[in-house]
Each structure stands twice: as C-alpha cells, then as structure tokens.
Amino acid sequence: MKNLISIEKLKIEEINSLLKSASELDLNFVSNEMRHKKVLLAFFEPSTRTKLSFELASKNLGAQTLDFLPNLSSINKGETLIDSLLTIQSMGVNLAIVRHPEEGIAKKLSENLDMHIVNAGDGMNQHPSQALLDALTLKEVFGELESVKLTICGDILHSRVAHSNIELLTKLGVKISLCGPEKLIENKYTNLNRYDNIEEAVKNSDVIMSLRIQHERMKESEVPIVNEYFEKYGFKNSHFDKNKNIFLMHPGPVNYGVEIEDKALFNQRCLINDQVKNGVLIRMAIIKKVLGYIEN
Ligand code: CP
C-alpha cells in the first residue's frame, strides 16, 4: 500500500492489517525506527485533530516532520501544488499528508509524484484516516462489527467523514442508517435505511454518529435554522436514558447546542475522546503501512 487516497481502494486485508496494527500501539509508544524518514504536513484547510495527530504519530515513530505553510509558500507566487510537492520531494521528503479543498487532489498528486501520499481530507470527497479511526473505536467497544446498528446523523451531503465511513463500515458489516434533513442527504444513498428524526434513530441504533454542520461548504438555502435542527436532529443528554445501550460519536469539531447538547460530552457512552486518542494510533499505523514497515 503505497498511498492512502480513498476507502474504495483499500482491500479488506489492508483494513484489517491497519486496525490490528493500531490496536497493538498506545499513546506512549516511542521509537526511532523512522529517524531517516521525513513527513510533510500540507494542510490547505483548517485542522486540529488530523494535523496534530499525524504530526504526533510521525514523531512517535521517530520521523522528522515539516510543516508546509500555504500562505507563506511560493504557491502565493503562482507555483502549482504539484510543482511545490515535486520540489519538496527533491529535498528527500518521503511522505506528504495533504488536506485540500479540491476533490480528487490526493489521487492527482499520487499519480504525479514518487513520494507517498496520504489524503487527510479532499473537499467533500474522502477522509479515509477518520473512517479508519472510527472503525478502530467501534471495534474497541463492540469487538465484532457485523451486526452493529449505526446511524449517521446530520449534514451527510457535505461530509467527507460520512462518505468514507459509509464505504468503510459497510465493508466491515455495520448496518448503517441515515438521519438528517432531506436536502442534506444525497440521493445516491437510497439503499440505506433512513430515520426521520433523532428520537427514532436513538430508539433503533447501537451508535449515533453525529456530524458537524459544514457551514463553509453550504449554499445559503441549505443552512438549517439552529433551534429547529437541534430539536429534530440534535443528540441530547437524555437520549442516553432513552436507550441505555446507545453510544455517541462525532468526528469533531462539535457545534454544541446544534449537533450535540454540551452535557452529553461527559457521559461514559460518549466516544469522542476515544476517537481522538485512536486518531493518533491509526495514523501511526497508516504511516508505518505506507512507508513499508507493516507487511501486506
Ligand atoms: N475530524 C477532523 O477532521 O477534525 P479536524 O478538522 O480538527 O482535523
């Protein structure tokens, strides 16, 4: 596995190998095994979790990291992204982790460069490392995922997290349902079960995966009215009482009072902090895998 571009391209053996490798790691893992490796972090959109966890993962493995700062780079003098990365590749950098608003840019880079490419989010298209960390989190809770009922709730249309998770969790046998305003769910998901509101979803699911309202990608007509949205689709703390077995996930960052009631964060069945921890572990496994430190 030279690159990580999309879930679609991952074989089930590669997925299982990444999940197994991540499950054998912990946050205290430190090695100098990759001291000769150089990892570029090229983020053209804001990020806290993905960027810092890839940086931490690289450093835990002993690799050197370089931060590409788009606003201070020669991109501002007209250099293309491919030219920029070709330049950085010539400096001996082995791997570029790229987040960019353009859909398909990670694939294009992988076709034009020899260095390894990991897609850290390309527009509304894919966020494969997020889906993998979510699968790792679910496996920690449920072990086998074959019959787990998970509802993705919210702005599915603009969510690369939803797109990658639907592909990955389907491969792993999770029963996925969707819940959210009609105009925020694509027609292509007509094969998936739908719930009209959060009450129905909570009653019939083992896990709610709530999603962020992506204001930055929405047309004016798609922006929901906050109070109405929270009432119909927001996860409230009382939902943990209505279904004593329900778990809550969210990729972050959370808009509290829109997608989730703030008190829900402190419930033991809220998995958000586990997702963040697993983000570091899965990204260590991804870096090891693409750089050839894990077989298969
Ligand atoms: N989940 C996620 O991608 O978060 P960041 O935007 O903070 O990286």
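The protein's secondary structure comprises 10 helices and nine strands, where helices (H or I, at least four residues) and strands (E, at least two) are DSSP runs numbered from the N terminus. Its radius of gyration is 19 Å, close to the 19 Å given by the globule rule for 296 residues, so the protein is as compact as a globular protein of that length. This radius is taken over C-alpha atoms, and the rule is 2.2 Å times the number of residues to the power 0.38.

The model is predicted: local features need pLDDT of at least 70, side-chain atom pairs count only at pLDDT 80 or more, and totals for chains, interfaces and linings use all residues. Residues are numbered from 1 along each chain as its sequence is written, and side-chain values use heavy atoms, with hydrogens and water left out.

**Overall values**

Along the principal axes, the C-alpha atoms fill a box of roughly 55 × 45 × 35 Å. Of the 296 residues, 57% are buried, meaning under 20% relative accessible area with a 1.4 Å probe, protein chains only. Residues 24 or more positions apart supply 75% of the contacts with a separation of 6 or more; a contact means heavy atoms within 4.5 Å.

Strands β1 (residues 38-43) and β3 (residues 95-100) run parallel and are joined by five bridges, and Leu-41 stands opposite Ile-97 in β3.

**The five-stranded sheet**

Another open sheet has five strands in the order β7-β6-β5-β8-β9, again with parallel pairing. Its edge strands, β7 (193-195) and β9 (247-249), each pair on one side only. Neighbouring strands are turned by 25 degrees against each other on average, direction ignored. Three bridges pair β8 (residues 207-210) with β9 in the parallel sense, and Ile-208 stands opposite Leu-248 in β9.

**Helices on the sheets**

The angles below run from 0 to 180 degrees between N-to-C directions, with axes fitted to C-alpha atoms, for helices over the stretch in contact.

| Helix | Strands | Angle |
|---|---|---|
| α6 (residues 160-171) | touches β5 (149-153), β6 (175-179) and β8 | about 155 degrees with β6 |

Conventions
Two strands pair if DSSP finds at least two bridges between them. Buried means under 20% relative accessible area, exposed over 50%, partly exposed in between (1.4 Å probe, protein chains only).
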